[in-house]
Amino acid sequence: MAAVKPSLGRVLPGSSILFLCDMQEKFRHIAYFPEIVSVAARMLKVARLLEVPAVLTEQYPAGLGPTVPELGAEGLRPVAKTCFSMVPVMLQELDTRPQLRSVLLCGIETQACILVRPPITASSLSQSPPSWQDPVPDLGPSSLLWTPLCLNTTLDLLDRGLQVHVVVDACSSRSQVDRLVALARMRQSGAFLSTSEGLILQLVGDAAHPQFKEIQKIIKEPAPDSGLLSLFQGQNPLFR
């Protein structure tokens, strides 16, 4: 296999992996959640057709619930975590794939803004899950700085020398400002921002591919609107 030039951001089935981050029951309030899960489910269907490996995490499932069934992730073993990155619990998976070059990332939450919250513990999550939906209080310098998940995962993967392709129509946040800034931040750090259909067509590569007709059925209908046009329209200085 020819070497993939890092600057081009090409994705090939034999050197890619799909990361599915924390699409769980207690996150249903997040903006565009049904649309995000629908697109991530498309990515998973295509990954299975093209034999691209996929991994799935759940953030503290005892308090935040299991992965939603709409994702269609039956057969994947969810890996529980408390860290605000997928990478620490996926180190063994990454280390056993020396051919790996590209990670396709879907899930929540996208944001790069540092949120100030009281210390998050297992007991506090199980006792009051709605606190994840509440406005962020200003608790002063002694409180916990919480930097959420997709950004940390992206930075950790980039730090390992891997290309990261953020599936922009399969990632969201409670705040669309956080979502916008996080996407810009990941792009500044070297991640590629791509749509699901763009990545799918890169992976399949050719209409003569034996799985193309099945994949064509998956992408026949456009991906659902997840509010991206409102984020990217106009002269947005974050994406110059």
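Axes here are lines fitted to C-alpha atoms, for helices over the stretch in contact, and the angle between two of them runs from 0 to 180 degrees between N-to-C directions. The model on screen is predicted.

**Stop 1: two helices**

Select residues 196-204, helix α7, and residues 212-219, helix α8. Their axes come within 11 Å and cross at roughly 175 degrees. Angles over 145 degrees count as roughly antiparallel, and α7 and α8 are therefore roughly antiparallel to each other.

Now show the side chains where the two helices meet. On α7, pick Glu197, Ile200, Leu201 and Val204; on α8, pick Phe212, Ile215 and Ile219. Sorted by class, this contact has 6 nonpolar residues, 1 charged residue and no polar ones.

**Stop 2: strand β2**

Move to residues 54-59, strand β2. Is this strand buried or exposed? Buried means under 20% relative accessible area; 6 of the 6 residues of β2 are buried, so the strand is largely enclosed by the rest of the structure.

**Stop 3**

Find Phe19: the residue opposite in β2 is Val55. Then select helix α1, residues 33-49; together with β1 and β2, α1 makes a right-handed β-α-β unit.

Finish with residues 79-81, strand β3, which is joined to β2 by 3 bridges, also in the parallel sense. Here Gln59 has Lys81 of β3 as its bridge partner.

Definitions and conventions
Residues numbered from 1 in each chain as written. Predicted model: local features only at pLDDT ≥ 70, side-chain atom pairs only at ≥ 80, totals over all residues. Heavy atoms only, no water. Helix = DSSP H or I, 4+ residues; strand = E, 2+ residues; numbered from the N terminus. Parallel < 35°, antiparallel > 145°, perpendicular 65-115°, else oblique. Contact = heavy atoms within 4.5 Å. Nonpolar A, V, L, I, M, F, W, Y, C, P; charged D, E, K, R; others polar. Buried < 20%, exposed > 50% of the residue type's maximum accessible area, 1.4 Å probe, protein only. Pairing = 2+ DSSP bridges. Right-handed = clockwise from strand over helix to strand, strands pointing away.
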